[in-house]
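Subject: Structure handover

Hello,

Here is the structure I said I would pass on. My notes on it follow below.

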Amino acid sequence: MTTVADRSMTLALRAIRQIAGSEVIDRVGLRGPAERALYAASKNGMSAAATAGRTFTVVTKRGAAERPRTANPTGLFDLTPDDDQQMIVEAMKEFAAAELRPVALAADTACAAPAELLASADELGLATLGVPEDLGGSASERSAVTGVLVAEALAHGDLGLAVAALSTSAVPTALGLWGDAGQQATYLPAFTGDEVAVSALAILEPQPLFDPFALRTTAKRAGEEFVLDGVKALVPRGTEAELFLVAADLAGRGPALFLVPTSGGGVTVAPEPGMGARAAATATVTFDGARVPASALLGEGAREVYAECVHRARLAWCAVAVGAAQAALDYLIPYVNERVAFGEPIAHRQAVAFSVSDIAIETAGMRLATWRAASLADAGKDFLREAAVARQLCATHGAQIGSSAVQLLGGHGYTKEYPVERWYRDLRTAGVFEGALLV
Amino acid sequence: MINLETPKKFRPLIGQAHMVAQEVLRPISRKYDTGEHERPKELDFLAAVLDGMEDSGATSGAGAAGAGKGEDKPAANGTDPSATKNGSNLSTALSIMEMCWGDVGLLLAIPGQGLGNSAIAAVASPEQLKEFGGRWAAMAITEPEAGSDSAAIRTTARYDEATDEYVLDGEKIYVTAGERAELVVVWASLDRSVGRAAIKSFIVERTNPGMKLDRLEHKLGIRASDTAAFILQDCRVPASALLGSPEVDVKKGFGGVMQTFDNTRPLVAAMAVGCAKACLDFTRDALNEAGVTIDYDRPALAQSAAAAKFLAMEAEYDAARLLTMQAAWMADNRKPNSVQASIAKAKAGRTGTDVAFGCIELCGAAGVSETELLEKWARDVKILDIFEGTQQIQLLIIARQLLGLTSAQLK
């Protein structure tokens, strides 16, 4: 691990541009992918008590919470990221190409991201991209658009690893957006300090036709406390997490978000590998009489806060789907030009070429719909409808793009020698997720 | 800075276009669908109103004439030349969406709003703009033996040194507004042995005795818009009627004439977007009356099948609309947009038809009956996946550019 002094230099994402494309990239880039050790995945599938995480001492703080600034739109239609965004995205693209793509298959197989990679992500300040500078975060100006661009760039390297790297940022982002001064003071230091805490936003539940507005997980008042019961599915890095932000139905009030540290007990976790996003080490998290203080309720339990959280999470999943779809397109273009059948490249056949065109068309549409919703969020406007549109497009076309990509590679596409089958699994998976990520 | 909302400065224009669509076009939609080949007199008045709209705003208006070269005016938000511009390509696309929410066929029949006007706006010299600007211009590309394969057109243009004229000979079909326009932009080859590089466009006065109206088509939709066929026989035009450069540059190939499409394809995409919006608005109301509510929060599949279908169609509509705005915005900012123009056209073209048919499915009898306009929109919208390049042509263009293939490699 790096020293505190080093970290203070590299923590902020802003620092990327100051240290010329990131020291981290250069440093890790010297080593070959094969040399990188991977976390051994927990294969036994047994439930275990959650990681004995740190104890969060509740801080009571009055006064206004620090809020991320919202950007001020010019009113003009514009698809140009601002200078800061361009620099961050360039750095993330390099990071994704150099650090994510080469280890993607190994991480997918192991159901875990390499420890070094996660440490690099922490150093890059990814965890606090959604937290304002005043609170020690790395966002000079908090922006859902920036979050979307970063997620897209990382997922171009690998969707599963992007989820692994970004999932722990969901809780600090939520604290920055909706936490009160006390909640921010209690929990944010765990993400801005030396050892970045692993945390997860747990919304998805295992039942079919899951509706985030009709939760089975419940929170009941018991004196000055809430007691949580229920099961959350496919929680990224759930076995490592020290702090969960849990969606639960608050009796009589509807769905709300609760900060639940594992140190309080009542939380069990079990690895739950899925078809896709495997590098994110997904887990089932069970709350069985988990008790939290009244101060654990985020955003005073307001319906708008919860709805906005669901919508922002959907946008983050759209962004990683766009990144993976673009990766598939970028991979297919040289492949169909080089693969020869019947005496000429298969790209010369309309049946193949038109499939490539369709992937380009739908990826472009997915991206614009996602950007639109994110830019509305940044402008402080309602983006309920636009988030739904983006999700519909990314779920439908994302899955189709994964399927088309495998189809175009034929037998090759079905084997693990090529990355395409992973995009097939990841893109199908991205369309069903709720929560876990946040922009 | 990323923002995909309708620019504030265009909202008054768009509002006016919507009013025109609702108050002027829709009330006469059925009349001119039934009375094919009747000239919609109401539109003469409308052309004057549109001219007024264009003159009143710094930016241009509701018809095809607005699309053109990127705006040269400094950006409104300061002196930074790198700042984004929202110009006439975007404003035109947005107002066309509104007008086609009213009626696609009638939009195409509004005097002065022909696709020939876009060609003139895109490539005309200042002198030509002075002579031909502001006059209604149709576009004549297709021939009986050359549809999508516009490089194969047989109409010839021979230069007559004695009179400094070009002499056009050939046959043109599917000329939108060909009967009623004042000008027809005719594509012809200066030298058929050279192929596409020799294809040029010429502005022909509709009154030219060498260009004879052969017939008007009877069509599936856009019946308010006349579709003409012409015979060109010893049709003489002054040398100054040639649009762009008279040089036959084999290296540049189609350049001049094809660049028109980069401006017009987003506009045809905008027509499909507007028509799709009309279908969706009608269907949303019909579903509401039937007690079906559409919830953007709940998963689509946890709602009724009708609501899920509607949500899916609405999403495709949004994608088509945003892709259209992107292509137009790129044109305004002088970014090469051939791929995006074709992406917009392909997406909007197929989405328009899919949405119209999906809406009919949801509305049932009301979707098919002539008591409502939905069945008409479904007939109208199909042309938008055909003219200015069919769906398949757009897919070819996109693929060739992405894959770096020539038309000989990817046929």
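This is a predicted model: local features need pLDDT of at least 70, side-chain atom pairs count only at pLDDT 80 or more; totals for chains, interfaces and linings use all residues.

Two residues are in contact if their C-beta atoms, placed from the backbone, lie within 7 Å.

Residues are numbered from 1 along each chain as its sequence is written, and chains are lettered from A and ligands numbered from 1 in the order in which they are written.

Domains of chain A

The domain assignment of chain A gives domain 1 (4-43 + 51-65 + 82-196), domain 2 (202-301) and domain 3 (303-430); such bounds come from an automatic or database domain assignment. Between domain 1 and domain 2 of chain A, the contact takes 31 residues from domain 1 and 25 residues from domain 2. On the domain 1 side, α5 (104-110), α8 (159-167), α9 (170-178) and α10 (181-187) of chain A each supply at least two residues. Helices (H or I, at least four residues) and strands (E, at least two) are DSSP runs, numbered from the N terminus. The most comes from α8(A), with six residues. By class, that side of domain 1 has 18 nonpolar, 10 polar and three charged residues. Here Ala, Val, Leu, Ile, Met, Phe, Trp, Tyr, Cys and Pro count as nonpolar, Asp, Glu, Lys and Arg as charged, and the others, Gly among them, as polar.

Domains of chain B

For chain B the assignment gives domain 1 (8-128), domain 2 (135-243) and domain 3 (255-403). Domain 1 of chain B puts 23 residues into its contact with domain 2 of chain B, which puts in 21 residues. On the domain 1 side, α1 (11-34), α4 (104-109) and α5 (115-123) of chain B each give at least two residues, and α5(B) gives the most, with six residues. That side of domain 1 of chain B divides into 12 nonpolar, seven polar and four charged residues.

How covered is α5(B)? It is mostly covered, with nine of its nine residues buried. A residue is buried if 20 or more other C-beta atoms lie within 10 Å of its own, exposed if 12 or fewer, and partly exposed in between. The buried residues of α5(B) include Leu115(B), Asn117(B), Ile120(B) and Val123(B).

Chain A against chain B

The contact between the chains takes 39 residues from chain A and 39 residues from chain B. In chain A, α12 (303-338), α13 (350-378) and α14 (384-409) each supply at least two residues of the side that touches chain B. Of that side, α13(A) gives the most, with 13 residues. The residues of the chain A side are 24 nonpolar, 10 polar and five charged.

Axes are lines fitted to C-alpha atoms, for helices over the stretch in contact, and angles run from 0 to 180 degrees between N-to-C directions. Six nonpolar, two polar and two charged residues make up the contact of α13(A) with α8(B).

Leu79(A) touches Ile2(B), Gln326(B) and Trp329(B), not counting residues up to four places away in sequence. Leu79(A) sits in the loop between β1 (48-49) and α4 (83-100) of chain A, and is buried because 20 other C-beta atoms lie within 10 Å.

Within chain A

The axes of α14(A) and α16 (residues 420-430) of chain A come within 8 Å and cross at roughly 165°, which means that α14(A) is roughly antiparallel to α16(A). Among the residues of α16(A) that meet α14(A) is Trp423(A). By class, the contact of these two helices has 11 nonpolar, three polar and two charged residues.

Trp423(A) is also in contact with Ala327(A), as is His156(A), leaving aside neighbours of Ala327(A) within four places in sequence. Ala327(A) lies in α12(A) and is buried, with 28 other C-beta atoms within 10 Å.

Regards

Key: Angles under 35 degrees count as roughly parallel, over 145 as roughly antiparallel, 65 to 115 as roughly perpendicular and the rest as oblique.
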